[in-house]
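Me: I would like to learn how to read a model feature by feature. Can we walk through one together?

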Amino acid sequence: MGTISLEGLEFFAYHGYYPEEQRIGNKYALDITVITDFVEAAQNDKLSETVNYEIIYRIAAKVMEDPARLLEHIGFRVIRGVREKYPLVDKVIVKVSKFNPPVGGVCTRAVITMEG
């Protein structure tokens with residue numbers, strides 16, 4: 001087993017529980033890790049035998065285009081998208097960060113991490 005990760009993906013998107021968050025938008029970051037067996041890809045030097053991180057990025061970008069109320073829902077949709085494209089992966093871990101969340105005080109980011 002090994003891991004393939006994309007870290008620090010940044011998006012400006014219109015997610016949020018409150019209507020004003022969905023109207024004005026905010027900056028978000030995603031870290032995505034896929035745990036899978038890529039021995040064949042390593043031995044044969046073939047992209048077709050592993051998880052293509054360019055496709056993982058496209059899945060994340062598509063998820064970020066569709067507004068969601070909860071960070072958990074974003075994480076769920078990314079995991080679902082990766083598993084639909086790569087059903088044989090062992091695990092997908094997604095960390096979703098929302099910058100400057102509306103908490104009534106100073107907070108750099110709100111973060112959730114999901115595995116599926």
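Me: In which loop is N100 found?
Reply: This is a predicted model. N100 is found in the loop between β3 (91–99) and β4 (109–115). Its phi is positive, about 50°, although N100 is not a glycine.

Me: Is N100 buried or exposed?
Reply: Relative accessibility settles that, and exposed means over 50%. N100 counts as exposed because its relative accessibility is 58%.

Me: Which residue other than glycine has a positive phi near 60°?
Reply: D45 has that phi. D45 lies in the loop between α2 and α3. With a relative accessible area of 71%, D45 is exposed.

Me: Where is N52 placed?
Reply: N52 sits in the loop between α2 (39–44) and α3 (53–65). N52 has a relative accessible area of 15%, so it is buried. The cut-off for buried is under 20%. Leaving aside neighbours within four places in sequence, N52 is in contact with L47 and Y86.

Me: How should I read the overall fold? What pattern does the protein chain follow along the sequence?
Reply: Start with the elements. The protein chain has four helices and four strands. Their order is β-α-β-α-α-α-β-β. Then take the extent: the C-alpha trace spans about 50 × 25 × 20 Å along its principal axes.

Me: What share of the contacts joins residues 24 or more positions apart?
Reply: Take the contacts with a separation of 6 or more. Residues 24 or more positions apart account for 58% of those in the protein chain. Burial is a separate reading: 41% of the 116 residues are buried.

Me: Now the rings. How is a pair of aromatic rings described?
Reply: By the distance of the centres and the angle of the planes. The count here comes to three aromatic pairs. One of them is F12 with Y14: edge-to-face, 5.6 Å centre to centre, with 80° between the planes. F12 is exposed because its relative accessible area is 53%. Y14, at 39%, is partly exposed.

Me: What is the geometry of the pair formed by Y17 and Y18?
Reply: Y17 and Y18 are edge-to-face, 5.2 Å centre to centre, with 90° between the planes. Y17 is partly exposed, with a relative accessible area of 45%. Y18 is also counted as partly exposed, at 41%.

Me: Which residue lies over the face of Y17?
Reply: R69 does, at 4.5 Å from the ring centre. For a charge over a ring, look at the distance to the centre and the angle to the ring normal. K27 gives another case: its charged end sits over the ring of F99, 4.5 Å from the centre of that ring.

Me: One last residue. Is G25 buried or exposed?
Reply: G25 is buried, with a relative accessible area of 14%. G25 is found in the loop between α1 (19–24) and β2 (26–36).

Me: What does G25 touch, not counting residues up to four places away in sequence?
Reply: G25 touches F12, A13, Y14 and E20. Compare sequence and space as well: G25 and H15 are 10 residues apart in sequence, and their C-alpha atoms are 6.6 Å apart.

Notes:
Residues are numbered from 1 along each chain as its sequence is written. This is a predicted model: local features need pLDDT of at least 70, side-chain atom pairs count only at pLDDT 80 or more; totals for chains, interfaces and linings use all residues. Side-chain values use heavy atoms; hydrogens and water are left out. Helices (H or I, at least four residues) and strands (E, at least two) are DSSP runs, numbered from the N terminus. Buried means under 20% relative accessible area, exposed over 50%, partly exposed in between (1.4 Å probe, protein chains only). Contact means heavy atoms within 4.5 Å. Rings of Phe, Tyr and Trp (its six-membered ring) pair if their centres lie within 6.5 Å; planes under 30 degrees apart count as stacked, over 60 as edge-to-face and the rest as tilted. A charge sits over a ring if NZ of Lys or CZ of Arg is within 6 Å of the ring centre and within 35 degrees of the ring normal.
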